[in-house]
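Hi,

Here is the structure I said I'd pass along.

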Amino acid sequence: MTTLNWADATAAVDAATRILVVSHVQPDGDAFGSALGLANALIEHGCQVDVAIDGGKLDFVEFLPGIAILKSKLKHGKWDLMISVDSSDEDRTGLAGTYGRTHSPKVINLDHHATNTFFGDIFLVKPEAVSATQVVYEWLVYMQQPITKAVAVPLLTGLVTDTLGFRTSNVRPETLGIAMHLMEAGASLTEITARTLDSKSYSTIQLWKNALATVEMRGEVIAATITQANLREANISDMTDGGLVGLLNTVNEAMIAVVFKELSDGSVELSFRCKPGYDVAQVAFSLGGGGHKQASGATIPGPLDAAQERVLALLQAAASVGSLTIV
Ligand code: 5GP
Ligand code: MN
């Protein structure tokens, strides 16, 4: 369902002085990009803006304009309006979202996930948008807010990272039109690509070395596992697999890819990807998570081996009802 209340959302911003922007836990390029792009525009619009995302910064986001205002925890504050970006459900807004919700009378839910649960009061939800930053861009155009370089860089970052460099099946000619406008406003596609998609630490490769030893195919589903021991050995916090699931999804024989990651509390984080014509969003949703047809995830109870059997059965069923559609 597309629900775009541009007028109500704009009126809420115009009536507000203090605005809180939050995004989702386990933040990615689109989470940081949509939060900071919107925050920078609202500051230029004359609002007082706070931005909070649980878990704080990933190393790669240091180049984003406005990164200095990002908080990883909210201890005090009251706002006239909270805006959640790129978060498909309220839980995913984390502690920052929970705190913000109880200290803001109104919430705008801006998102591009088909699995959005429509929490909050005003909706800017557009599942056809390739990124939350596309929705932010369209809102700023509606508001006639000028797109400066400080706004364009974070917005193009979300566009680039959520489309894996304009390669996902939802990319349309208008997607490239938006990218063109953001580049004209001063954002460098070369720099953003180099700092996000084409950037990995050596520790990540150490982690992959062990994880690749666990790779198995179950029918058309390819799977790998990362344990707490693997993470410790590679000296990595459990924030990211560095894109391993994306690598597995390039395997020709596999239609669906999954990475199982054991978290420090024993629960298991699932990362799903699939080829065009398949759908992993519904599997994630049925497990209490969410995402997009081709990229989704969830966190479920452990232990690891029980989680693997349960999830591989669901993914094999999803693989059996899809068919590869590359057009
Ligand atoms: P990733 O595999 O990169 O962590 O996540 C892929 C997609 O699935 C992203 O769009 C992300 O927002 C979504 N996703 C991952 N984990 C969860 C989850 O636990 N809950 C929800 N609602 N979405 C998730
Ligand atoms: Mn997104």
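Predicted model: local features only at pLDDT ≥ 70, side-chain atom pairs only at ≥ 80, totals over all residues.

**Around the ligand**

The shell around ligand 1 has 15 residues, and S88, R92, S271, R273 and S296 are the ones that come nearest. By type, the shell splits into ten polar, three charged and two nonpolar residues. For the polar pairs, S88 has a polar side-chain atom 3.0 Å from a nitrogen of ligand 1. In the side chain of R92, an N or O atom sits 3.1 Å from an oxygen of the ligand. G290 comes in through its backbone instead, with an N or O atom 3.3 Å from a ligand nitrogen. On its own, ligand 1 has 500 Å² of accessible area, and the protein covers 82% of that.

Which strands supply at least two residues each to this shell? They are strand 11 (268–274), strand 12 (290–291) and strand 13 (295–300). Strand 13 gives the most, with five residues.

S267 is in the loop between strand 10 (256–262) and strand 11. Its relative accessibility is 13%, so S267 counts as buried. The S267 side chain makes a polar contact of 2.6 Å with the side chain of D265. Leaving out residues up to four places away in sequence, S267 touches K261, E262, T299, I300, P301 and G302.

G302 turns up again in a backbone feature: the peptide bond from G302 to P303 is cis, with omega near 0°. P303 itself is in the loop between strand 13 and helix 12 (304–320).

**The cores**

The largest nonpolar core has 52 residues, and the ones with the most contacts inside it are I19, V21, L42, I83, I108 and W139. Take I83: beyond four places in sequence, I83 touches V13, I19, L20, V21, V22, L38, L42, I108 and W139. Another core lies apart from this one, with 24 residues, including M255, L270, V311 and A319.

A35 is in helix 2 (residues 29–45). Buried or exposed? A35 has a relative accessible area of 0%, so it is buried. Its contacts, again without residues up to four places away in sequence, are V21, S23, V51, I53 and V85. A35 and P154 are 119 residues apart in sequence, yet their C-alpha atoms are 8.3 Å apart in space.

W208 is in helix 8 (residues 202–212). At 10% relative accessibility, W208 is also counted as buried. With residues up to four places away in sequence left out, W208 touches K200, D241, G242, G243, L244 and L247. For one of these, G243, the separation from W208 is 35 residues along the chain and 9.6 Å between C-alpha atoms.

Two residues have a positive phi without being glycine. L164 has a phi of about 55°, and N235 has one near 60°. L164 lies in the loop between helix 5 (149–162) and helix 6 (173–184), while N235 is in the loop between helix 9 (228–234) and helix 10 (244–248). L164 is partly exposed, at 41% relative accessible area; N235 is exposed, at 68%.

That's everything I have for now.

Cheers

Definitions and conventions:
Residues numbered from 1 in each chain as written. Chains lettered and ligands numbered in written order. Heavy atoms only, no water. Core = buried A, V, L, I, M, F, W, Y, C linked by side-chain atoms within 4.5 Å. Buried < 20%, exposed > 50% of the residue type's maximum accessible area, 1.4 Å probe, protein only. Contact = heavy atoms within 4.5 Å. Near = heavy atom within 4 Å. Polar contact = N/O pair within 3.5 Å; in protein donor to acceptor, adjacent residues only side chain to side chain. Areas by Shrake-Rupley, 256 points an atom, 1.4 Å probe, with all protein chains shown as cover. Helix = DSSP H or I, 4+ residues; strand = E, 2+ residues; numbered from the N terminus. Nonpolar A, V, L, I, M, F, W, Y, C, P; charged D, E, K, R; others polar.
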